[in-house]
Amino acid sequence: MPTDETWMRRALTLAEHARDAEGEVPVGAVLVLNDEAVGEGWNRNIGTHDPTAHAEIEALRSAGRKLANYRIPGSTLYVTLEPCAMCAMAIVHARIARVVYGATDPKTGAAGSVFDTLISERHNHRVAVDGGVMADEASSMLREFFRSRR
């Protein structure tokens, strides 16, 4: 049975693809339901000129098309970087059960670093959050990417 690390490795591979094949900020995401990847995504903001094309949104869109549903209860989203507020609200609306992320985002993180969007009592749905899974690998990839751009 795949583990959190197994799925996070897949998300890291997608982040590498974003960086190497598309010149995007290296963030990858995998949406898993019943031990099967039902959606995958990576950052595509730059190439698509779309501010909403974050890895999480791309994975949710992919899963929605595959499952013919905009809600995916019981699923887990693995993402290499803590979701921002936009992605966090999409996750809440999609009724994702759990988010597992790698690196924290101390500027815009919405899974506990800056905002607590995923677990806010104001929503009728709360998402379980586990952060720091393979954080060193995810953080290192992001640091190296931005260092190379300076």
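Residues are numbered from 1 along each chain as its sequence is written, and side-chain values use heavy atoms, with hydrogens and water left out. Because the model is predicted, local features need pLDDT of at least 70 and side-chain atom pairs count only at pLDDT 80 or more, whereas totals for chains, interfaces and linings use all residues.

Salt bridges were considered under the rule that a side-chain nitrogen of Lys or Arg lies within 4 Å of a carboxyl oxygen of Asp or Glu, and by this rule the count comes to 10. One of them joins Lys66 to Glu36, with the closest N and O atoms 3.1 Å apart. This pair links distant parts of the chain, since Lys66 belongs to helix H3 and Glu36 to strand E2 (residues 36-42), 30 residues apart; helices (H or I, at least four residues) and strands (E, at least two) are DSSP runs, numbered from the N terminus. Glu36 is partly exposed, with a relative accessible area of 40%, where buried means under 20% relative accessible area, exposed over 50%, and partly exposed in between (1.4 Å probe, protein chains only).

Arg61 takes part in a salt bridge with Asp50, in which the closest N and O atoms are 4.0 Å apart. Here too the pair links distant parts of the chain, as Arg61 is in helix H3 and Asp50 is in the loop between helix H2 (45-48) and H3, 11 residues apart. Arg61 is partly exposed at a relative accessible area of 34%, and Asp50 also counts as partly exposed, at 22%. The side chain of Arg61 meets that of Glu58 in a salt bridge as well (3.1 Å, N to O), and both of these residues lie in helix H3, three residues apart, about one turn of the helix. Glu58 is buried, with a relative accessible area of 14%. Through shared partners, salt bridges join Glu22, Arg44, Asp50, Glu58 and Arg61 into one network.

Other charged residues were examined next. Arg95, placed in the loop between helix H4 (85-93) and E4, is buried yet has no salt bridge, and the nearest side chain of opposite charge, Glu121, is 17 Å away. In these comparisons Lys and Arg count as positive and Asp and Glu as negative, while His and the chain ends are not counted. Leaving aside neighbours within four places in sequence, Arg95 is in contact (heavy atoms within 4.5 Å) with residues including Arg71, Pro73 and His125.

Two further buried positions were characterised. Ser75, in the loop between helix H3 (55-67) and strand E3 (76-81), counts as buried at 0% relative accessibility. Apart from neighbours within four places in sequence, Ser75 is in contact with Leu31, Val32, Leu33, Ile96, Ala97 and Arg98. Ala11 lies in helix H1 (residues 4-22) and is likewise buried, with a relative accessible area of 0%. With neighbours within four places in sequence again set aside, the contacts of Ala11 are Gly28, Ala29, Val30, Tyr78 and Thr80.
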